[in-house]
Protein chains: 2
Amino acid sequence: MSKAVILVSGGLDSGTLLYYLKKKKVSLHALVFDYKQRHKRELKSAVALLRVAKVPFEKIELEFPWKGSALTDKKVKLPKKRSVKRMSTGIPSTYVPARNLIFLSLATGYAEAIGAEKIYYGANALDYSGYPDCRPDFIESLNQTIKKGTKRGDEKKAIKIEAPLVNKTKKEIIEIGKQCGLDFGKTWSCYSGGKKPCGECDSCLIRAKGFTEAGFPDPLTTKK
Amino acid sequence: MSKAVILVSGGLDSGTLLYYLKKKKVSLHALVFDYKQRHKRELKSAVALLRVAKVPFEKIELEFPWKGSALTDKKVKLPKKRSVKRMSTGIPSTYVPARNLIFLSLATGYAEAIGAEKIYYGANALDYSGYPDCRPDFIESLNQTIKKGTKRGDEKKAIKIEAPLVNKTKKEIIEIGKQCGLDFGKTWSCYSGGKKPCGECDSCLIRAKGFTEAGFPDPLTTKK
């Protein structure tokens, strides 16, 4: 069976994608990124999900020597209590400069080194915060770049990034996760950096909307 | 004056580009990459060149958790004594999976965080080892990807990678370096990982050919 790389953040989207692909028996190798994010709590969830799914992973440590994002600089304020509708109309302070381009580039190196043909990326461009590096046209363009800039792209079928959840609503993603046996209590979405979800940041609000629409409670926020 | 990011490896090409841009009074901010390369000696040269040029820099530490290249795995053999003509007809074992995509992605994040408009990249696709991530079509494609996947690309003029040396011969690069006052004795090209240039790896051979054609001795190999 052909190998694939998957990026796992510990959130709902990458968690769902992980369980979905496991069910399809894809031979996965995961990357987890510790970039000194404010919400490093998500790493614990990423590792927990991967251990339960029995997927081997590498943790990559990156400390960006620059600031500029609310996710890597505690001095930059997190947006709070925004309506989900308004989130996708601009790019918020939680955007990390070129983060997903960096992560996907590292995933490309990993895929090439281990002979994987695909990179699975849990990006979503529907119920999201307007990040440009989650949109389909970015992913398509990066696939072209990977084709042109790698040894594998020169010699055989190029590595391809696939983002099966990119056009799904959060409700749909939660439904897929449920069907695939994902334990939502093991995922993490909150940006705030606390031990409990704040319930006010964009990520908490998008998650809450998804569970409300899916019609069942979020075990992460309802458990004691 | 507008800011620009430059990638500096310590080699002839990035050294020449650094001095060329300094002469043009471009406001440079450099990135140096420690990726546990076999020839980490080049980092000493990168830092020496940047100090003399008085260009601020950040050193980024990356340890790829995968192998697959003669530059990051001493068990993989370095090509030796190849003819320069043959080098560009295939991709050698010194290719590091997606390395320059990773470096340029990090440079994109840096450029975006500091408000730089350009990334200067000393790639060369004429006297080179056939690396796909040094070719113009890769650079053009990555520029499109950066435009589509960054906040800056959404809101104003996108960050652009420029590779002014991409179509120059090594002879021409050496001539430009000389005109701009580059001290070639402070640069480093050898891949082998020794304290002196081996004179046999692709990088030493391309360099030697360039100096022969430029018609003056290489201070690095002629000094005691």
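In what order do the five strands of the open sheet in chain B stand? The order is β3-β2-β1-β4-β5, and the pairing is parallel. Helices (H or I, at least four residues) and strands (E, at least two) are DSSP runs numbered from the N terminus, and two strands pair if DSSP finds at least two bridges between them. Before we go on, please note that this is a predicted model, in which local features need pLDDT of at least 70, side-chain atom pairs count only at pLDDT 80 or more, and totals for chains, interfaces and linings use all residues. Residues are numbered from 1 along each chain as its sequence is written, while chains are lettered from A and ligands numbered from 1 in the order in which they are written.

Back to the sheet of chain B. β3 and β5 (160–162) of chain B have a single partner strand each and stand at the edges, so one side of each lacks a neighbour in the sheet. From one strand to the next, the twist averages 25°. Axes here are lines fitted to C-alpha atoms, for helices over the stretch in contact, and angles run from 0 to 180 degrees between N-to-C directions. Helix α4(B) packs on this sheet and touches β1, β2, β3, β4 (118–120) and β5 of chain B, with its direction at about 160° to that of β1(B). Contact means that the C-beta atoms of two residues, placed from the backbone, lie within 7 Å.

β1 (residues 3–7) and β2 (residues 27–34) of chain B pair in the parallel sense over five bridges. B:Ile6 has B:Ala30 as its bridge partner in β2(B), and B:Leu7 stands opposite B:Leu31. Four of the five residues of β1(B) are buried, a term that asks for 20 or more other C-beta atoms within 10 Å of the residue's own; 12 or fewer makes a residue exposed, anything in between partly exposed, with C-beta atoms placed from the backbone.

Leaving aside neighbours within four places in sequence, A:Ile6 is in contact with A:Leu17, A:Leu18, A:Leu21, A:Leu28, A:Ala30 and A:Tyr120.

Now to the meeting of the two chains. Chain A and chain B each give 36 residues to the contact. On the side of chain B that touches chain A, the largest share, 11 residues, comes from α4(B). That side has 17 nonpolar, 10 polar and nine charged residues, where Ala, Val, Leu, Ile, Met, Phe, Trp, Tyr, Cys and Pro count as nonpolar, Asp, Glu, Lys and Arg as charged, and the others, Gly among them, as polar. The axes of α4 (residues 99–114) of chain A and α4(B) come within 8 Å and cross at roughly 170°. The two helices are therefore roughly antiparallel, the word for angles over 145 degrees. Among the residues that meet there are A:Leu101 and A:Ile102 in α4(A), and B:Leu101 and B:Ile102 in α4(B).

Finally, two loop residues. B:Lys25, between α1 (12–23) and β2 of chain B, has a phi near 60°, a positive value in a residue other than glycine. B:Lys36, in the loop between β2 and α2 (41–53) of chain B, also has a phi near 60°. B:Lys25 counts as exposed with 8 C-beta neighbours inside 10 Å, and B:Lys36 is exposed with 12 other C-beta atoms within 10 Å.

Note on methods. Parallel < 35°, antiparallel > 145°, perpendicular 65-115°, else oblique.
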